Amino acid sequence: MKIAIIGIGSVGAAVATAVAGTGLAREIVLYDRDTARARASAADLGHATTFCYDIKITPAMGYSALRGSDVVIIAAGANQKPGETRMDLVQKNATVIRDIVPRIMPYVDARRVKIIIVTNPLDVMVMLTQKLSRIAPGRVIGTGTMLDSARLRTILSRMTGVSTHSINAYVLGEHGDSSVINWTSASVGAVGLDDFARQTKMSLTTAIRRDIDDRVRHAAYEIIQGRGATWDGIGAAVADLIRCIARDERRLLTVSIMDPSPSARVAMSMPRVVGIDGVTATLRPKLSASESAALRQSGRIIRTNYDLIK
């Protein structure tokens with residue numbers, strides 16, 4: 001598999017390292033408008049792969065180096081700074097996406113390429129990329145709430161004393177401040193979360209849920225405040241998405257795609273089946289009335305911000 005990564009800042013570099021660590025790429029192409037950075041990053045990562053997998057690491061001096069890529073990962077754009085929301089980046093990064101996507105398309109097979117979006121505000125950038133690329137919606141994939149869901153599972157794992165691999169809990173909607181925790185469908189193994197709490201005498205009050213929601217929603221802000229940016233978590237999320245595609249695992253991931261139904265008109269994260277062809281199915285989990293209302297509001301927020309850049 002040939003994988004191209006566009007934008008080799010702190011996030012793009014972490015993505016490159018994590019993707020190389022899967023051992024699933026035969027070649028990784030690194031493109032950055034700063035060609036010196038692309039060359040240096042390729043040299044450094046190339047040295048690192050000596051200790052794990054035999055992967056060709058190529059610095060790209062132009063978009064033609066992307067020719068034949070199976071997956072293109074877009075990590076370029078302005079990063080969220082302390083005090084900023086993801087939506088504060090919308091105009092800056094829309095300009096970046098508008099520049100990049102038309103330059104990619106002449107060098108990839110539009111019938112099979114998968115484009116993975118990491119750039120924030122993620123759902124808006126998914127919508128813009130799908131419009132510009134004109135490829136099937138299921139193959140323009142934002143990492144969505146994969147990381148948000150991982151943060152939720154981590155918190156619940158520590159509360160329950162059960163491995164994160166046995167916690168089935170998802171964050172839906174926007175990768176941002178209007179995200180929605182799907183408490184109604186959450187489970188520990190085959191046992192509903194509420195039932196698990198009753199059986200184990202674990203306290204899961206409304207106040208505790210509200211606190212968890214706040215911790216999940218603001219985790220990125222706390223990390224940015226402490227280290228300037230987030231990169232390890234998103235790097236791991238992209239690597240997991242690459243594994244799912246390359247191995248055709250058909251696992252459920254909360255990724256963001258442009259909903260193909262005419263009435264939807266928005267990209268947001270839902271549990272989706274992901275494999276070699278990208279997203280092949282979207283599942284609609286059981287939601288409470290309040291969760292359904294919050295998810296609709298999340299969609300309206302995403303659409304409003306997309307309409308600002310049309």
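Predicted model: local features only at pLDDT ≥ 70, side-chain atom pairs only at ≥ 80, totals over all residues.

Me: In what sense do strand E10 and E11 pair, and over how many bridges?
Reply: E10 (residues 187-188) and E11 pair in the antiparallel sense, over two bridges. Pairing asks for at least two bridges, so E10 and E11 count as paired with their two. Within this pair, Ser 187 stands opposite Gly 192 in E11.

Me: What makes E7 and E11 edge strands?
Reply: The open sheet has three strands in the order E7-E10-E11, and the pairing is antiparallel. E7 (167-168) and E11 (191-192) each have a single partner strand, so one side of each is left without a neighbour in the sheet.

Me: Why is Asn 182 called buried?
Reply: Its relative accessibility is 2%. The label buried applies under 20%, so Asn 182 counts as buried. This residue sits in the loop between strand E9 (180-181) and E10.

Me: What makes the approach of Asn 182 to Ser 185 a polar contact?
Reply: The side chains of Asn 182 and Ser 185 are joined at 3.3 Å. The cut-off for such a pair of N or O atoms is within 3.5 Å, so the value of 3.3 Å meets the distance condition. The side chain of Asn 182 also makes a polar contact of 3.2 Å with the side chain of Glu 291. Leaving out residues up to four places away in sequence, Asn 182 touches Tyr 170, Leu 172, Pro 285, Lys 286, Leu 287 and Glu 291.

Me: What makes the buried residues of H3 line one face?
Reply: The buried residues are Val 90, Asn 93, Ala 94, Ile 97, Ile 100, Val 101 and Ile 104. Seen down the axis of H3, they fall within an arc of 140°, so they line one face of the helix. Their cover includes E1, E4, helix H4 (122-133) and helix H9 (289-307).

Me: Which residues of helix H2 are buried, and how do you know that they line one face?
Reply: The buried residues of H2 are Ala 38, Ser 41, Ala 42, Leu 45 and Thr 49. Viewed down the axis of H2, these fall within an arc of 100°, so they line one face. They pack against helix H1 (10-20), strand E2 (27-31) and strand E3 (56-60). The face turned away from the buried side of H2 carries the exposed residues Asp 44 and His 47.

Me: What caps the N-terminal end of H2?
Reply: Asp 34 does: one of its side-chain oxygens lies 3.1 Å from the backbone nitrogen of Ala 36.

Me: What makes strand E1 mostly covered?
Reply: Five of the five residues of E1 (residues 2-6) are buried. Lys 2, Ala 4 and Ile 6 are buried on one side, and Ile 3 and Ile 5 on the other. E1 pairs with E2 in the parallel sense over five bridges, and Ile 3 stands opposite Ile 28 in E2. E1 also pairs with strand E4 (residues 71-74) in the parallel sense, over four bridges. In that pairing, Ile 6 stands opposite Ile 74.

Me: Which label, exposed or partly exposed, goes to Lys 201, and which to Arg 250?
Reply: Lys 201 has 73% relative accessibility. Exposed means over 50%, so Lys 201 counts as exposed. Arg 250, at 48%, counts as partly exposed, because this class lies between 20% and 50%.

Me: What is noted about phi in Lys 201 and in Arg 250?
Reply: Lys 201 has a positive phi of about 60° although it is not a glycine. For Arg 250, phi is near 55°, again a positive value in a residue other than glycine. Most residues other than glycine have a negative phi. Lys 201 is in the loop between helix H6 (193-200) and helix H7 (206-227), while Arg 250 is in the loop between helix H8 (232-246) and strand E12 (251-258).

Definitions and conventions: Residues numbered from 1 in each chain as written. Heavy atoms only, no water. Buried < 20%, exposed > 50% of the residue type's maximum accessible area, 1.4 Å probe, protein only. Arc of directions from axis to C-beta. Contact = heavy atoms within 4.5 Å. Polar contact = N/O pair within 3.5 Å; in protein donor to acceptor, adjacent residues only side chain to side chain.
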